[in-house]
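Here's a quick briefing for anyone opening this structure for the first time. Have a look at the model, then read on.

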Amino acid sequence: MTHPIPEGATAPEFSLRDQHGSPTALSELRGAPVLLVFYPLAFSGVCAGELADLRRHHAEFAALGTTVLAVSVDSVFALRTWSDAEDFPFRLLSDFWPHGGVAEAYGVFDADRGVARRGTFLIDAEGTVRWNVLTRPAEPRDVREYLAQARSLAEEPGRADRHETV
């Protein structure tokens with residue numbers, strides 16, 4: 001089993017299609033933090049709860065200048081259906097082909113199950129992983145912890161001019 005890329009590492013570049021079929025490249029988001037949330041599958045119980053929690057707190061991430069991206073191995077079509085039903089305000093990215101390639105690059109692909117593990121990465125404006133967490137398959141992650149990490153990053157000296165804090 002691979003391990004998540006560590007804090008301090010350069011975040012692996014990727015370009016994936018979102019739920020609308022539009023490409024999203026990590027490099028195009030440089031200049032602001034990115035919260036990259038890998039989850040196993042759309043429409044599953046724990047994943048639905050986690051993404052609903054991200055939806056509830058999305059305005060707080062936006063106020064911190066943090067872009068939220070959620071990534072699974074689901075097809076663009078499944079992600080569109082789920083996003084339309086749940087009204088997610090952030091992009092759902094399809095790591096469908098090569099199957100789990102981005103999850104693998106981040107060290108969170110579960111090859112035995114064919115899905116991403118619950119890995120989360122906070123990437124700074126320069127593309128460096130500043131924080132990460134990996135939880136067990138049935139264990140939901142705490143979005144308040146994500147917010148605390150995003151606030152901490154936004155409050156670092158020299159960053160106040162880039163991000164409004166809440």
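In strand S5, Leu 93 is the bridge partner of Val 71. That contact belongs to a parallel pairing of S4 (residues 67-72) with S5, which runs over four bridges. Keep in mind that this is a predicted model.

- Seven strands make up an open sheet, and if you walk across it the order is S2-S1-S5-S4-S3-S8-S9, with mixed pairing.
- The edges belong to S2 (23-25) and S9, and each of these has a single partner strand, so one side of each has no neighbour in the sheet.
- On average, neighbouring strands here are turned by 30° against each other, if you ignore direction.

- S4 is mostly covered, with five of its six residues buried.
- On one side, S4 pairs with S3 in the parallel sense over five bridges, and Val 68 in S4 is the bridge partner of Leu 35.
- Towards S5, Ser 72 stands opposite Ser 94.
- Ser 94 sits in strand S5 (residues 91-94), and it counts as buried because its relative accessibility is 9%, where the cut-off is under 20%.
- Which residues does Ser 94 touch, leaving aside its neighbours within four places in sequence? The contacts are Leu 16, Arg 17, Ser 72, Asp 74, Ser 75, Val 76 and Leu 79.

- Strand S8 (residues 118-123) has six of its six residues buried, so the rest of the structure largely encloses it.
- Both faces of S8 are covered: Arg 118, Thr 120 and Leu 122 are buried on one side, and Gly 119, Phe 121 and Ile 123 are buried on the other.
- S3 (residues 34-38) runs antiparallel to S8 and is joined to it by four bridges; here Leu 36 stands opposite Phe 121.
- S9 (residues 129-135) also runs antiparallel to S8, with six bridges between them, and Arg 118 stands opposite Thr 135.
- The hairpin of S8 and S9 has five residues between its strands, and Gly 127 in that hairpin takes a positive phi near 95°.

**Helices H1 and H3 on the sheet**

- Back at the pairing of S4 and S5 over four bridges, helix H1 (residues 45-56) packs on the sheet and touches S3, S4, S5 and S8, with its direction at about 25° to that of S8.
- Helix H3 (residues 76-86) packs on the sheet too, touching S1 (15-18), S4 and S5, and its direction makes about 160° with that of S5.
- Which residues of H3 are buried? They are Val 76, Leu 79, Trp 82 and Ser 83.
- Just after H3 comes Asp 87, with a positive phi of about 55°.

**Helix H5**

- H5 (residues 143-154) has 12 residues and reaches 16 Å from its first C-alpha to its last, close to the 16 Å expected at 1.5 Å a residue.
- Val 143, Tyr 146, Leu 147, Ala 150, Leu 153 and Ala 154 are the buried residues in H5.
- Why do they end up on the same side of H5? They cover an arc of only 125° around the axis, and that puts them together on that side.
- They pack against S3, H1, H2 (58-63), S8 and S9.

**Aromatic rings**

- Searching the whole structure turns up nine aromatic pairs.
- One is Phe 38 with Tyr 106: their ring centres are 5.5 Å apart and their planes sit at 45°, so the pair is tilted.
- This pair links distant parts of the chain, since Phe 38 is in S3 while Tyr 106 is in the loop between helix H4 (101-105) and strand S6 (109-110), 68 residues apart.
- Phe 38 and Tyr 106 are both buried.
- Elsewhere, ring pairs link Tyr 39, Phe 43, Trp 82, Phe 88 and Phe 90 into a cluster.

Definitions and conventions. Residues numbered from 1 in each chain as written. Predicted model: local features only at pLDDT ≥ 70, side-chain atom pairs only at ≥ 80, totals over all residues. Heavy atoms only, no water. Buried < 20%, exposed > 50% of the residue type's maximum accessible area, 1.4 Å probe, protein only. Helix = DSSP H or I, 4+ residues; strand = E, 2+ residues; numbered from the N terminus. Pairing = 2+ DSSP bridges. Contact = heavy atoms within 4.5 Å. Phe/Tyr/Trp six-rings, centres within 6.5 Å; stacked < 30°, edge-to-face > 60°. Axes fitted to C-alpha atoms, helices over the stretch in contact; angles between N-to-C directions. Expected span 1.5 Å × (residues − 1). Arc of directions from axis to C-beta.
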